[in-house]
Amino acid sequence: MKKVETHDFIYYTGEKDRPVNFNGQESFSIEQRLEFLNKYQENARKWYDDPDFLSKAATDTEVDAFLDNYSLSMPKVRKVIPFDTMTAYKKDEVTQYRNLHLYCGAKFTGEEIILDNQGIRPNPSVKYEFPAPLSSFTIAMDIFIPKDYKSTQATACGHNTSGRVIELRCGTLDRVKVKFFCSGLTRAYEDKWIPRTKELSPYKFGEYNHLEINVGENITISLNGIPCESPVGSYITGPCDNLFLDSGMLSKSFWKVKNIEIDGEKINFEKNISKESATEIIGEVSLPYAIGSHKNKDKELYLEKTFTIDNFEKAVLSLTTLDPYGKAWLNDNLILDTNTFEKSDIDVTKFLKKGENRLKIMVKPRGPEVYCFWHRHNDCYFGWLCGEVYLTLTKETHFNELTVITHSAADFAKGTVKLSLNKPFKGTVKVTAEECYPGKSEAVTLASSEIENDSAVLSFEKDLKLWSSDNPVLYAVRAILIDENGNETDDLVEETGFRTVESKDGAIYINGHRQMLNGALLMQFLPPFDQVPVNHTCPLAKQIAWQIQMLKNMNGNFLRLHMLGYGSNDKRYARICDRLGIMLIWTTRYIDTLESLVWPDPWSEKEQFKKQMKDVLNHPSIVVWEGSNEFYPKNLFEIDRMYDDFIDTILSVDKTRLICPCSHLYYDDCVCYNDAGTKDKENNDVMSGHGWRHPQIIRSAHPYVTACGYGQGFERMRKQDLDFQPELFKSKEHAYLATEFAVTSLPNPNTPEAKVATYYDSYERGCEPPYIGRVFEQSEWAESQALAAFCAFNAVKIFRSLGVDGMTWCCLSSGANNGSYMKPPIDFYGYKKIGFYSLKDAFNSIFASKKDINVAYGTEDSMTPILLNSGKEGTVKVTCIIYDEEDNITDTKVFEKVSIKEKDYALDLPSFKPNFKDKGYYTIKWTVE
């Protein structure tokens, strides 16, 4: 193993008494806290050889070198023609009514605006642009929400994703926001980031409700004649120029609005006479490609390609996504008119011709929806995009699918290959595998069999290299169709890795070996600032690789896809993670779809979720399926519905990965079971559904309050007093991941980009006073980063010593909240904060530290070293060297030939009384080799 160095930092009092906590009880004073952080950041500059904290988390050179060697394996018999580039242009969408924009299937009948959720995303929304901005005015309307929209709860459960929204906006920012929850509650929002709300009267299902909003010096709102008790605040001022109606993220039922009046005069929507719009040429672009942002609002994206084809029998055109939806024409024939972003495989045999052909694609603009307002960007016209496009030419009979399943990865890789064809075939199928990354090898035969129908399952047992985060080896698995004359008539290639993932003994095992899953969330609000709306939904391959490389350079091996409001089923993430050895929690494009179970109906988008699962099944980097982010259930029945339905659905498609129906249920105000599913939170005897107890289920929580997040203290981190937290750590039935934790820190204002960019103040500054007694000054940015780094290292140390099986920081890089999100260890432009380094230290597969998290030592204190291990086995040497403020060595301890086993996730070494000299600050350097 390579030598691993880590650092602890403490204050020695020179007396018997000492504080143990940074803040809270028995802690430093405010002055001592700031001095401690100042000394910490000064030393961190030396520890990490980054004197000005101006280092990038990943360089262009690294990313370019990776992409230079990035290519995909191709078949040898069938012909696959990728349309890597197309010519793009855009046009203003021609609306039926002036100033009225109907998105994703919304309709206007002449009397009513109808927003009909079609049971599948994307959901409808509507924007009406006022002919002139309005400052002081009254707007009224009647709103109908049917009875089947009523949820199973009488609370605001699902407030993040469900609800009907009425907004009066100044550009893209809402001055007034009223939300009708599926529980029947109605609220007005007063803040852009934090959900500060004013309660309105409950609305009535199944009949029209009259809403009236008066905008002036104050904002007053009444519903059904009942006024809000006090004026509603707003985070912005200025005239309103549009009304926006949003259906929410979850697909359920319809709703409608009529009789919209401004100052007592009903709006009469005028027919749009114009039927044409000017073409704006973009030029040749690389796919996937998107446009977005306010400057491109309501513009349709068009892409065209002329190409030449020789002989063919069967032709299928694949469009991985037109998001939110769109159309396609081949040789002026309409071949696709979709109402969703799902992948389309279109048989174009009768439309394709030998010689020159012309493909044309149109993507409809996305409405300026704000599904996740607490992480929004000011410009909410998120990109609408065309994904990868390719044409496949085959014989009349051909393969449809190839799925590789690894059942065992011990001495040999054992598994099965599942094949399906478009029609029965008599002949032979042969499956080969050749290493395609990082090296190359000759093809070996995995299996061969005769076939007389349209499917086959072949078993294999081969001495193949296994895929792991430390050694991400990929194979091109090729299925070959051979006719009775011995001719190869078709082939299909899938890149995959041979590996197993399982939860046993309360831990996670990859290829039979214990593995810690450590990393971050990928929220993906990426620079440059004016392109955030576009690259949030459609980043360049280089931007994806840049993020993954940053995580890898932080010693991360695990990434949780977390593109709130949009999700992703873009294979580029999995392909790049396959190659860089990063394991994934995958959500598909139907992120949080499981929350539709707030309604009594079945999971509405189950089949769509399964379809997207099948499209990425062969990627070894995907190790966990997730159904929902943060859910707030109020009864155990809803947990059973969520867990039972999700586990059954996942297992119907894939039995080889871990499953996380909900990433966090352990709130104080929510219900949940104990780990065994035999007790509720009040210790009453109960019995959970089968899903909660299934062995492939992992437990997951967002333990900010026990990991120093949100201004919490060291004492709570020490005690881990969150309900069920001890049981989660100790469970021998289910692995436990802390899938979100974080502490805020200010960015470095001295980077070249920061010196010319506008600084956006953050709502998270409110977390700082509990830590140090006040808000950090801008000049104290390094001290702020020192706090986050110090907390991060100790949080991971505590969690690993207790037996956690993985941790993900929230989130990898800044950019959310209009660039003001302070939690990430990497700033918006890719510069490392000090937290990057401390997480890199704590994410080592094995490292040493002092066992306690005390910030100070006294004359009577002993130190117990602890060795944290994520699955390594063997003998190591541990060295502890203590330095004073002048870098003089005051003590050295060496622990020779320490034997550590794979199951030893936390191993105490003999305690000793450290030799400090004068009171002051000391660095404790640990080396494991």
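User: What should I know about the model before we start?

Analyst: It is predicted, so local features need pLDDT of at least 70 and side-chain atom pairs count only at pLDDT 80 or more, while totals for chains, interfaces and linings use all residues. Residues are numbered from 1 along each chain as its sequence is written, and side-chain values use heavy atoms, with hydrogens and water left out.

User: Why is His562 called buried?

Analyst: Buried means under 20% relative accessible area, exposed over 50%, and partly exposed in between, with a 1.4 Å probe and protein chains only. His562 has 2% relative accessibility, so it counts as buried. His562 sits in the loop between strand 41 (558-561) and helix 5 (571-580); helices (H or I, at least four residues) and strands (E, at least two) are DSSP runs, numbered from the N terminus. Among the residues that His562 touches are Leu521, Met523 and Glu740, where contact means heavy atoms within 4.5 Å.

User: What makes helix 5 mostly covered?

Analyst: Ten of its ten residues are buried, including Lys571, Tyr573 and Leu580. Gly581, with a positive phi near 75°, follows helix 5.

User: Why are helix 1 and helix 13 called roughly perpendicular?

Analyst: Axes are lines fitted to C-alpha atoms, for helices over the stretch in contact, and angles run from 0 to 180 degrees between N-to-C directions. Angles under 35 degrees count as roughly parallel, over 145 as roughly antiparallel, 65 to 115 as roughly perpendicular and the rest as oblique. Helix 1 (residues 30-47) and helix 13 pack at about 85°, with axes 8 Å apart, and they are therefore roughly perpendicular to each other. Leu34 and Phe36 of helix 1 and Trp781 of helix 13 are among the residues making this contact.

User: How do you know that helix 13 and helix 15 are roughly parallel?

Analyst: Their axes cross at roughly 15° and come within 7 Å. By the cut-offs above, helix 13 and helix 15 (residues 834-842) are therefore roughly parallel to each other.

User: What makes a set of residues a nonpolar core?

Analyst: The set must be buried Ala, Val, Leu, Ile, Met, Phe, Trp, Tyr and Cys residues joined through side-chain atoms within 4.5 Å. Here the largest nonpolar core has 210 residues, and Ile139 and Ile221 are among those with the most contacts inside it. Helix 13 (residues 781-802) gives the most to this core, with 14 residues. There is also a second, separate core of 32 residues, which includes Leu287 and Leu393.

Terms used: Lists of a residue's contacts leave out its neighbours within four places in sequence.
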